[in-house]
Amino acid sequence: MEYGTPILQIKGVGEKTARIFEKMGIVTVGDLIRFYPRDYEKFEEALPVRDVKKGEICAVRVRIAGSVTTKKIRNLTILNAVAADGTGKIKLTFFNMPFLKNVLKPGGVYLFRGMIQYKDGMFVMEQPKMYKEEEYRRLMETIQPRYPLSAGMTNHMVTKSVKQALSFCLPEKEFLPETILRSEKFMDREEAVHNLHFPKDFDTLIEARKRMVFEEFFLFILGLRGRKMENDTADSGFSYIETAQVERFLEKLPFSLTNAQKKVWEEIKTDLQGMRLMNRLVQGDVGSGKTIIAILALLMTVTNGYQGAMMAPTEVLAKQHFDSITEMNQKYKLGMHPVLLIGAMTAKEKRETYEMIADGSADVIIGTHALIQEKVMYKNLALVVTDEQHRFGVRQRENLAAKGNMPHVLVMSATPIPRTLAIILYGDLKVSVIDELPADRQPIKNCVVDTSYREKAYRFIEKEVAAGRQVYVICPMVEEGETDSDSSSMDNVENVIDYTQKLKGFLPSSIRVSYLHGKMKSPLKNEIMEEFKNKNIDVLVSTTVIEVGINVPNATVMMVENAERFGLAQLHQLRGRVGRGEYQSYCIFISSSDKKETMERLETLNKSNDGFKIAEEDLRLRGPGDLFGIRQSGEFAFKLGDIYNDAHLLKKAGMWVDRLLSEDEKLIKQEHENLRLYLENEKWNPIDFRTI
Ligand code: ADP
Ligand code: MG
């Protein structure tokens, strides 16, 4: 077996399983080996019932007290039993497992493990797993991997397949230079890979992860540096002058730019008129007004006779930008010719658009990465703006270079990256910061509450909708068991589809509730967003697909279910979807865990409205020990690393890459041969992140 061997060769993986694996991006044995667990499960000693806590997963050893009852509701069989252990009572509930009635004997003692809930004055475990004593003993000595799953796949299946892959497949050669391994005392590659899947113990896991995260950052930065050297020397082939149209547009706008926007706009204007190509990142918190800056840069480009393009991470966002640019174009007679280019268009529409781009009759091109991936030929592209996604920023120029002149690059982002990290990630890419919100904004009112507040929240939603406003409700999952079908920790997680059903029941039927999630096909997603914008939907239940960029100023309530499952930076982004207009806006974070630390973490959102501060605070609260927790940044979706939590490794990797390149730029030395071969063989692509 080799890394390239198809997974069908693995025992127990048939056509059907292989197809599901393929959906998960796993085609070869190598893909499987590089498919790392999402987190790990440690089986702890069983707890006395007295010590269990709501929202936590634990095991109890209890005696069935009294009879086991079953009832049927439509096609659902619910089996209930009350059990106790001398310190307290707990209710056990099982769904569609009627046979358990013959298994669970009154008076019998069993081990159950599951998530603790609290209902009608009593602790409850729903659908717990049952274990034999010796089986549980054995599990307690191991750390079990838990993989991210797609529907139809089980954790057991992945675990079994990975085990085989690891034992039959020749390991990859170590390619990190010996000097690094020795100086940093990094674990050897094979051992690290093995322990990432099946950790010997927790300390080994930390070491294994450290090595692999370093490797990931190291390769990423190495890729960036290689490119940057080309970019640094690039002279601008364009000549820009200030144009009256831009000035006139600014005068006509219903608002004046904030001082921060003015400053950033000056910086961009200077770049565009300079001798070198622009390579600039504009960072500004949600709602700080980045789009208008992008439009100004595009307008200046067009009035200088060039084409400008704007890329967004999702079709929904691209469409939104297209609509608002088209509207401004007409309203203020800007004389631009915008076109939209997204995957959801028909082949014919695309062909027509390509033609307009090629002959220059379209001069502002807005779309997703289709803009660079497909066969688009530009007439004279001089500027590319990418919104809300750094990851395009770095690679796009090289892709676009093949289409003519290298353009100026402007990247817009609300993800707070500390400046030191930005420098590591981008080298001397210039950073502008919009550190001021438009003055007319009313601060958003926040609250962090537990699930018992829901009823009140619904009444509040009703009131807002009656006043003509709109509402977002965010749930972490698409469908029941979507991410992890055999994991008990998911039990309490709200999912979009069921939630929408439930919510419709709680709200008056005049309120129009609809849902949106990332697995929907693009045209449908676009349609629903469109409907929401046009106020044909009052309440939109969604996953975090609406996390970035969406601008519907009439939406005033953001309610987030299972807020404890999100990173604070992400919650802050979500909060940024409201408070974008003249109305007072509200954010309701519902936490289904009442652990003190969780509440404290979420309270941070109450105290600050500053994305940068929030990210820092989150890091401080959780500490570096919490490595496998919540990811902060959806944008820099590294497989393992997290730019915040692993900032120290990122710094290290940056330093080592610099050292390596200054010593052996082309990697021709003997000790760098494996690294060079690895990069060549893998056709390794540093920015090939998972899609959001
Ligand atoms: P983001 O920085 O999150 O991308 P947007 O660019 O979408 O934010 O701007 C949010 C809203 O603020 C938009 O409706 C925009 O028209 C408005 N806006 C932008 N700049 C200003 C300003 N200087 N004064 C008032 N409103 C502004
Ligand atoms: Mg934006």
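**Figure 1. Gly 289 meets ligand 1 through its backbone.** A backbone N or O atom of Gly 289 sits 3.0 Å from an oxygen atom of ligand 1. On its own, ligand 1 has 560 Å² of accessible area, and the protein covers 86% of that. Keep in mind, as you look at this and the other views, that the model is predicted.

**Figure 2. Who else stands around ligand 1?** There are 16 residues around the ligand, and Gln 261, Gly 287, Lys 290, Thr 291 and Arg 441 come nearest. How many of the residues in this shell are nonpolar, polar or charged? Sorted by class, the shell has 4 nonpolar, 8 polar and 4 charged residues.

**Figure 3. Seven strands line up in an open, parallel sheet.** If you walk across this sheet, you meet its 7 strands in the order S12-S13-S11-S14-S15-S10-S16. Strand S12 (338-341) and strand S16 (430-434) are the edges, so to speak: each pairs on one side only. Ignoring direction, neighbouring strands are turned by 20° against each other on average. Zoom in on strand S11 (residues 307-311) and strand S14 (residues 381-387), and you find 5 bridges joining the two, which run parallel. Look for Met 311 here, with Thr 386 of S14 standing opposite. Helix H13 (residues 347-358) lies across S11, S12 and strand S13 (364-367), and H13 runs at about 135° to S12.

Figure 4. The order to follow is S17-S22-S21-S18-S20-S19, and the pairing is parallel. Which strands form the edges? They are strand S17 (445-450) and strand S19 (513-516), each of which pairs on one side only. Neighbours in this sheet are turned by 20° against each other on average, with direction ignored.

**Figure 5. Strands S18 and S21 up close, with two helices on the sheet.** Strand S18 (residues 470-474) pairs with strand S21 (residues 555-560) in the parallel sense, over 5 bridges. Helix H17 (residues 454-466) lies across S17, S18, strand S20 (539-542), S21 and strand S22 (586-591), and its run makes about 165° with S21. Helix H19 (residues 522-533) packs on the sheet too, touching S18, S19, S20 and S21. The direction of H19 makes about 140° with that of S19.

**Figure 6. Strand S4 has antiparallel partners.** Strands of a sheet pair through backbone hydrogen bonds, and they can do so parallel or antiparallel. Strand S2 (residues 57-64) and strand S4 (residues 76-84) pair in the antiparallel sense over 2 bridges. Ile 64 has Ala 83 as its bridge partner in S4. Strand S3 (residues 69-73) is joined to S4 by 5 bridges, and these two run antiparallel as well. On that side, Lys 71 stands opposite Ile 78 in S4.

**Figure 7. Two hairpins share strand S4.** What links S3 and S4 in their hairpin? There are 2 residues between the strands, and Arg 74 takes a positive phi near 45° in this hairpin. S4 also forms a hairpin with S5, this time with 4 residues between the strands. In that turn, Gly 86 has a positive phi of about 90°. Strand S5 (residues 89-95) and S4 run antiparallel and are joined by 7 bridges. To get your bearings along the pair, look for Leu 79, which stands opposite Phe 94 in S5.

Conventions. Residues numbered from 1 in each chain as written. Chains lettered and ligands numbered in written order. Predicted model: local features only at pLDDT ≥ 70, side-chain atom pairs only at ≥ 80, totals over all residues. Heavy atoms only, no water. Near = heavy atom within 4 Å. Polar contact = N/O pair within 3.5 Å; in protein donor to acceptor, adjacent residues only side chain to side chain. Areas by Shrake-Rupley, 256 points an atom, 1.4 Å probe, with all protein chains shown as cover. Nonpolar A, V, L, I, M, F, W, Y, C, P; charged D, E, K, R; others polar. Pairing = 2+ DSSP bridges. Axes fitted to C-alpha atoms, helices over the stretch in contact; angles between N-to-C directions. Contact = heavy atoms within 4.5 Å.
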